[in-house]
Amino acid sequence: MRGGKNPAKRVDAYLFAKTIKMFDMGREVNAHQLADALEVSMRTSWLWLRTLHEMRCIHIVGWKKDTIGRDQTPIYSFGDGFDKPKSKRTAEDRRRIYAEKKARQQKHKQMAAQ
């Protein structure tokens, strides 16, 4: 960049500043929200969040569950804190969910047969 009073703005620096501003306002952000807010790809969003997390600038405060109930997407907050671990299903939880699902299927079969 040569001379002039106002140097050209770098896109990556501008987006990084917007990312830090989002966290500084106290927001809890996941990769999907960051990608939508900054209009960047999911890959870029994941890369930035992973890098900030490795550098201990942000920490995991929660998890967004997928369609079958597993903790899938981390939700981040600003600061160096303790990461919230993923919840784990016990063997008893898996058996109970399986039995409930099987009972629902049997009920639908009976209703369809009538």
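**Entry 1: L38**

I began with L38 and looked past its neighbours within four places in sequence: it is in contact with L15, K18, T19 and W48. Contact here means heavy atoms within 4.5 Å. A note on the model: it is predicted, so I keep to pLDDT of at least 70 for local features and 80 or more for side-chain atom pairs, while totals for chains, interfaces and linings use all residues. Residues are numbered from 1 along each chain as its sequence is written, and side-chain values use heavy atoms, with hydrogens and water left out.

**Entry 2: the core**

Next I looked up the largest nonpolar core, which has 15 residues. Such a core is a set of buried Ala, Val, Leu, Ile, Met, Phe, Trp, Tyr and Cys residues joined through side-chain atoms within 4.5 Å. Buried means under 20% relative accessible area, exposed over 50% and partly exposed in between, with a 1.4 Å probe and protein chains only. Which members touch the most others? They are F23, L34, L38, W48, L49, I58 and Y76. Two or more residues each come from α1 (11–24), α2 (31–38), α3 (42–54) and β1 (58–65). Helices (H or I, at least four residues) and strands (E, at least two) are DSSP runs, numbered from the N terminus.

**Entry 3: α1 and α2**

I then took the helix pairs in turn. α1 and α2 pack at about 130 degrees, with axes 11 Å apart. The axes are lines fitted to C-alpha atoms, for helices over the stretch in contact, and angles run from 0 to 180 degrees between N-to-C directions. I therefore log α1 and α2 as oblique to each other; under 35 degrees is roughly parallel, over 145 roughly antiparallel, 65 to 115 roughly perpendicular and the rest oblique. α1 brings L15, K18, T19 and M22 to this contact, and α2 brings L34, A37 and L38. By class, I noted 5 nonpolar, 1 polar and 1 charged residues in the contact of α1 with α2. Ala, Val, Leu, Ile, Met, Phe, Trp, Tyr, Cys and Pro count as nonpolar, Asp, Glu, Lys and Arg as charged, and the others, Gly among them, as polar.

**Entry 4: α1 and α3**

For α1 and α3 I have an angle of about 60 degrees and axes 12 Å apart, so this pair is oblique as well. L15, F16, T19 and F23 of α1 meet W48, L49 and L52 of α3. The residues of this contact divide into 6 nonpolar, 1 polar and no charged.

**Entry 5: α2 and α3**

α2 and α3 pack at about 120 degrees, with their axes 9 Å apart. On the α2 side I listed A31, H32, L34, A35 and L38, and on the α3 side M42, S45, W46, W48 and L49. The classes are 8 nonpolar, 2 polar and no charged residues.

**Entry 6: strand β2**

Last, I turned to β2 (residues 71–78), where S77 sits. Beyond four places in sequence, Y76 touches residues including F23, L49, H53 and I58. Its C-alpha atom is 9.8 Å from that of L52, 24 residues apart along the chain.

T73, another residue of β2, is buried at 9%. With residues up to four places away set aside, T73 touches N30, H32, W46, G62, W63 and K64.
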